[in-house]
Amino acid sequence: MPKQDSDNNNNYDDGNGDDIDMGEKLIASPDFDGPTGERSCTDILCSLILVATWVAMTALGAYAVQGGDYRLVLYPLDYDGNICGTDFKNDMTDYPYLWY
């Protein structure tokens, strides 16, 4: 870890015994209040769009869980629309894999 030399505030020891000249130290003017004085929120529209997207995706997910059939996503369908490996419409438990 670099440490500051005690005899000169502008030189730092790099850990190998070498002094590195860091130049002149920057001094802020007395009336400087920092960069936060003039900042404001500039992405209000993007934040509203993000919140609206979260709400829409949550509503879509709730609708899908309530009225959908998750097996259509997890298991393949055969050419007749039967869900392989289940007994949903027809007993397809003997056929867990989709073959073409």
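Predicted model: local features only at pLDDT ≥ 70, side-chain atom pairs only at ≥ 80, totals over all residues.
The expected span of a helix is taken here as 1.5 Å times one less than its number of residues, and helices (H or I, at least four residues) and strands (E, at least two) are DSSP runs, numbered from the N terminus. With that in mind, let me turn to helix α1, which has 24 residues and reaches 35 Å from its first C-alpha to its last, close to the 34 Å expected at 1.5 Å a residue.

Residues are numbered from 1 along each chain as its sequence is written, and side-chain values use heavy atoms, with hydrogens and water left out.

The protein has two helices and three strands, and from the N terminus on these elements run β-β-β-α-α. As for confidence, pLDDT is the predictor's own score for each residue, from 0 to 100, and the protein averages 77, with 77% of the residues at 70 or above, that is, scoring at least 70. Confidence is lowest in strand β1 (residues 3–4), at a mean of 49, and highest in helix α1 (residues 44–67), at 94.

How much of the protein is buried? Of its 100 residues, 11% count as buried, where buried means under 20% relative accessible area, exposed over 50%, and partly exposed in between, with a 1.4 Å probe and protein chains only. Helix α1 is hardly covered, since the count of buried residues among its 24 residues is zero.

Contact here means heavy atoms within 4.5 Å, and, of the contacts in the protein with a separation of 6 or more, residues 24 or more positions apart account for 0%.

Let me finish with two residues towards the other end of the chain. L72 is found in helix α2 (residues 71–74), and L72 is partly exposed, with a relative accessible area of 48%. F88 has its place in the segment after α2, and F88 too is partly exposed, at a relative accessible area of 42%. Leaving aside its neighbours within four places in sequence, F88 is in contact with D69, R71 and I83. F88 and R71 are 17 residues apart in sequence, and their C-alpha atoms are 9.1 Å apart in space.
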